[in-house]
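Trainee: I am new to this structure. Please show it to me, and let me ask about the words used for it.

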2 protein chains.
Amino acid sequence: VPKPVAANDDVLEQFADTIGREHIITDASDMAPFLVEWRDRYQGAARAILKPGSTEEVAALLRTAHKHRTPIVPQGGNTGLVGGQIAFDGNEDFVLSLSRLNTIREVDPQGNTITAEAGVILQRIQDAAAEAGRFFPLSLGSEGSCQVGGNLASNAGGTAVLAYGSARDLALGLEVVTAKGQIWDGLRKLKKDNTGYDLKNLFIGSEGTLGVITAAVLKLFPAPRAKATALVGIESPEAALILFNQALEAAGPQLTAFEFLPRIGLDFVLTHVAGTRDPFADPHPWYVLMELTSGIEDTLENVMESILSGAFETGRIGDATIARSEAEAQSLWRIRLLLSEVQKHEGGSIKHDVSVPVAAMPAFLRAVTAEVERRLPKARVVPFGHLGDGNVHFNVSQPVGAPKEDFLDRWEEVNALVHGIVTEFGGSVSAEHGIGVMKRELMGEIKSDVELELMRSVKRALDPRGILNPGKVLPG
Amino acid sequence: VPKPVAANDDVLEQFADTIGREHIITDASDMAPFLVEWRDRYQGAARAILKPGSTEEVAALLRTAHKHRTPIVPQGGNTGLVGGQIAFDGNEDFVLSLSRLNTIREVDPQGNTITAEAGVILQRIQDAAAEAGRFFPLSLGSEGSCQVGGNLASNAGGTAVLAYGSARDLALGLEVVTAKGQIWDGLRKLKKDNTGYDLKNLFIGSEGTLGVITAAVLKLFPAPRAKATALVGIESPEAALILFNQALEAAGPQLTAFEFLPRIGLDFVLTHVAGTRDPFADPHPWYVLMELTSGIEDTLENVMESILSGAFETGRIGDATIARSEAEAQSLWRIRLLLSEVQKHEGGSIKHDVSVPVAAMPAFLRAVTAEVERRLPKARVVPFGHLGDGNVHFNVSQPVGAPKEDFLDRWEEVNALVHGIVTEFGGSVSAEHGIGVMKRELMGEIKSDVELELMRSVKRALDPRGILNPGKVLPG
């Protein structure tokens, strides 16, 4: 229901009284950076950008918004991949930027915690941990600009999930402003606390639709002191899965990466990136990048060699190379990390961020590859990613020489096909990026009515007037 | 509001139609085992005990209960420590026993999961994991009779939390019957799934007040193949905390136990248990029991020796012994594990299950010990437990020779004193046992109005008629 302009102006006045006119952006060009989605998938619009400077100011803004039923779109570093941070209604929506809540309130190396406000850039947290001789494992491509509040609101994944978990697993406590503008101080540093409902995990991953995270107590870890990195040539995803379980048995939580890619992925890298070379004399159908990490110096080479020699003896792996220096380790990692980028040199690529149960990955890959190749002859399937997490970036490159736009026009069709098979395998259509606006309508297809009703009940309970990030997460 | 007996009988008839008269217990002596709390702290009462045989039957029962606003008290193995599983109203309450949902639906060693119904005894899950060459780490004193549904409903802790987390951390997916009698199939095996609100963690730890957990997908781990166990004599909790951080840096997640006890605890064991002996020539004020675990054979002794020699050199520990055999390891563990039991030979003991931030443990112990000794001269403070989790069993033994009852009469007073200091240190008054009925009124003291309001909103949203485990968790 549209509201009269007068009421809207009145709200803006009240917001200005709360945080100061100088912290409200209404000029179109100044608003632009907060409204443009970084991959140009969405063009946002908003009445204004609100930049409160404290948790109390966030609370006061939300009390006003709640009173006037004003839609509020919380935003961190604006690096989200599903449009969850984008406002769309230029007449109604206000973007609530957390950028000015950027204080690291405490680093506690003895207790292995860091307490940071929502607007702190992820890299600053990593750096502050390192300065204290500790390690904060959350690591993402956007870590130079994403904010930890957004990481928590979207339960970000990244490259350290196998051993350390997602953002959810790294948070001990939260401070949240509710939809009604109350401050919940849940900034606990406790490893064990069984006193009532798990509000913390309810707010984490709710993408700003249940409350506004304003600060968090995060876990720190001992800084790793030793590392062993190996690249393995291997026959099949089945063999890779067996190797994964062997590595997990031998190394347990010291197994910090188990990534995989197909030969075509390595070919893309070798073709498009100068200075790269095939680590092996012969080609292999698949490659596994495996990393062990430890707090002391001298034990990992033995473990890695024991894992690999066991796999050699049973004929499960074709070839393997262990990095003998940090430089060698980096050149092995480079192959994996360049993969996201090199695909663009091969034309259009239709992408999926999906997960299946770890043990189902080989069968899933066989089924989905067969179906995509049947539907799109000559398209090139490039599945790669975090085998140990059951998370694959199932990307499909266009046929060589075909028109890029024709291929990309089939994005929705291929998505539907892939997501259908993911669902058959008990998987997730959003392993780490969230729902936002991009996958919102998918929720109606993948979730049961019971689950949607439970989620809607929770939404109504915590945000009865529906002012927090409307139109996100739950289908219309 | 009491309901007429006729309506009540009518409900019973409908329950009988659903699950069969033979699965409803109404005879007083047959009901007794479901109503008696095992430590005799509570005497329950109920209209009947309902023993459904399937998730569908649980759902049908709850649809009837919802319709008639009939109170339902879910119960697993009846081993809870806070009365959460006890029904109290003999005219109104029905106990919903999950015991007949006792099927292990699947063991998946490749995917490292086990799917079990709520009524499966914890030990059966441990055994099934071991048979498949895997390890299920949840381990409690009551594991021979507690049920996994209750473990999840209460987010049980136990002896493996340091490395593996609580019950919450071990669940990948849940099947839950809602208060309205709908079945939520959330039995996912996914390590990564960012599709909407975290319902799983909302139900876990809610002590049967938000829904009835009927099955779960649980994580399995590689079976440990090597272990190193050491007992350390140490000057103070401060020194123990430094040792803990050094051990964590060196061993990371291979550090699977870091328990502590005071000299008086060792004295209790040496006095009351035949065949025990002091592991060291000289007494030490405190002792730390430290355990490392690994998936391969030959690396742990080095790590343990490196941790201990580093601590010796800096003078931080007084003495240490590394177990050279499994028998030696067990005799060291025995000292720690006997501690709960031997206290009873020293008369009355007032107990607390509390946690504080790990780094605050030394200061907390100093503060709370001083205050208890001031208030109760000659009482003997025996704090022991999971230092690595920040979880201490802060128990107070009566003065030697004083009347036991006089001492135990001060239970509430001492609880209030200890919980007050716990709260000052940002701690939890229930680290692992939950709230139930025992600590329900404490919730009003330790939680902010905002937090209680959030919890009450969630309760109203998911159980609008308040039929699930009424009178538990949330204060009246």
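**Strands that pair**

Mentor: Strand 1 of chain B and strand 2 (residues 48-50) of chain B pair in the antiparallel sense, over 2 bridges. The model is predicted: local features need pLDDT of at least 70, side-chain atom pairs count only at pLDDT 80 or more, and totals for chains, interfaces and linings use all residues. Residues are numbered from 1 along each chain as its sequence is written, chains are lettered from A and ligands numbered from 1 in the order written, and side-chain values use heavy atoms, without hydrogens and water.

Trainee: Why do strand 1 and strand 2 of chain B count as a pair?

Mentor: Pairing requires at least two bridges found by DSSP. Strand 1 and strand 2 of chain B have 2, so they pair. Ile24(B) stands opposite Leu50(B) in strand 2. The strands themselves are DSSP runs of E, at least two residues, while helices are runs of H or I, at least four, and both are numbered from the N terminus.

Trainee: What makes strand 1 and strand 3 of chain B edge strands?

Mentor: The order in this open, mixed sheet of 4 strands is 1-2-4-3. Strand 1 (24-25) and strand 3 (72-75) of chain B each have a single partner strand, so one side of each is left without a neighbour in the sheet. Helix 2 (residues 28-35) of chain B lies across strand 1, strand 2, strand 3 and strand 4 (94-97), at about 65° to strand 2.

Trainee: Why is strand 8 of chain B called largely enclosed?

Mentor: Buried means under 20% relative accessible area (exposed is over 50%, partly exposed in between; 1.4 Å probe, protein chains only). In strand 8 of chain B, 8 of the 8 residues are buried, so the rest of the structure largely encloses it.

Trainee: What makes strand 18 of chain B mostly covered?

Mentor: In strand 18 (residues 380-386) of chain B, 7 of the 7 residues are buried. Strand 18 also pairs with strand 19 (residues 391-397) of chain B, antiparallel, over 7 bridges. Arg380(B) stands opposite Ser397(B). In their hairpin, Gly390(B) takes a positive phi near 70°. Strand 13 (residues 255-262) of chain B joins strand 18 through 2 antiparallel bridges, with Phe260(B) partnered by Gly385(B).

Trainee: Why is helix 8 of chain B called roughly antiparallel to helix 12?

Mentor: Helix 8 (residues 237-251) and helix 12 (residues 361-375) of chain B pack at about 160°, with axes 8 Å apart. That angle makes helix 8 of chain B roughly antiparallel to helix 12 of chain B. The cut-offs are under 35 degrees for roughly parallel, over 145 for roughly antiparallel, 65 to 115 for roughly perpendicular, and oblique for the rest. Pro237(B), Glu238(B) and Leu241(B) of helix 8 meet Pro362(B), Leu365(B) and Arg366(B) of helix 12. These contact residues divide into 4 nonpolar, no polar and 2 charged.

Notes:
Axes fitted to C-alpha atoms, helices over the stretch in contact; angles between N-to-C directions. Contact = heavy atoms within 4.5 Å. Nonpolar A, V, L, I, M, F, W, Y, C, P; charged D, E, K, R; others polar.
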